[in-house]
Amino acid sequence: MAGEAQEDCLFCKIVAGQVPATVVRETETTLAFRDINPQAPTHVLVIPKAHYKDAAALAAGAPQLAADVLRETQAVADDEELDSYRTVFNTGSGAGQTVWHAHAHVVGGRGLQWPPG
């Protein structure tokens, strides 16, 4: 069920402390940690602690929690001293989502070209 931890979810396991991660920020509702396959000098994932399969499900089911995730992307950028950065939500396998737990990528520390793909 949406919002409840899933046994087979990598990010739920990170939230529970069952899988290690390099945590950079934590709030009551969110967790931010370094991506294990960084695409830039700074690449941090910001996730809600509650399980929602993707950004669309998070926005529909828990809009305040979605706002918490967005707020934390700015806090990560501030902590990492990024003047500019990109926030990315991949939604669906065709867009590159590989973990089915909503998450924002905070990417920066180098020039980011457009279009991204």
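This is a predicted model: local features need pLDDT of at least 70, side-chain atom pairs count only at pLDDT 80 or more; totals for chains, interfaces and linings use all residues.
Biologist: What volume does the largest pocket have, and which elements give two or more residues to its lining?
Modeller: Its volume is about 680 Å³, taken as the space filled by probe spheres set on grid points joined across faces, edges and corners. Helix H1 (10-15), E2, E3, E4 and E5 each give two or more residues to the lining, and the largest share, three residues, comes from H1. Helices (H or I, at least four residues) and strands (E, at least two) are DSSP runs numbered from the N terminus.

Biologist: Where is Gln 39 found?
Modeller: Gln 39 is in the loop between E2 and E3. With a relative accessible area of 45%, Gln 39 is partly exposed, because that class lies between buried (under 20%) and exposed (over 50%), with a 1.4 Å probe and protein chains only. Gln 39 and Gly 108 are 69 residues apart in sequence, yet 8.8 Å apart in space, C-alpha to C-alpha.

Biologist: In what order do the strands form the sheet?
Modeller: Strands of a sheet pair through backbone hydrogen bonds, in a parallel or an antiparallel manner. In this model, five strands form an open sheet in the order E1-E2-E3-E5-E4, with antiparallel pairing; two strands pair if DSSP finds at least two bridges between them. Strands E1 (23-26) and E4 (85-88) are the edge strands, each pairing on one side only. Five bridges join E2 (residues 30-34) to E3, with Thr 30 partnered by Pro 48. E3 also pairs with E5 (residues 104-108) over five bridges, where Val 46 stands opposite Ala 104.

Biologist: Which residues of E3 point one way, and which the other?
Modeller: In a regular strand, side chains alternate between the two faces of the sheet. From E3, Thr 42, Val 44, Val 46 and Pro 48 point one way, and His 43, Leu 45 and Ile 47 the other. Seven of the seven residues of E3 (residues 42-48) are buried, so the strand is largely enclosed by the rest of the structure.

Biologist: Which residues of the largest nonpolar core touch the most other members?
Modeller: Nonpolar side chains tend to be buried together in soluble globular proteins. Of the 15 residues in this core, Val 46, Tyr 52, Leu 58, Val 76 and Val 106 touch the most other members. A nonpolar core is a set of buried Ala, Val, Leu, Ile, Met, Phe, Trp, Tyr and Cys residues joined through side-chain atoms within 4.5 Å. E3, helix H3 (63-79) and E5 each supply at least two residues of the core, and H3 gives the largest share, five residues.

Note on methods: Residues are numbered from 1 along each chain as its sequence is written. Side-chain values use heavy atoms; hydrogens and water are left out. On a 1 Å grid over the protein atoms alone, a cavity is a set of points where a 1.4 Å probe fits but cannot get out, and a pocket is an open set with protein on both sides within 12 Å along at least five of seven lines; lining residues have an atom within 4 Å of a point.
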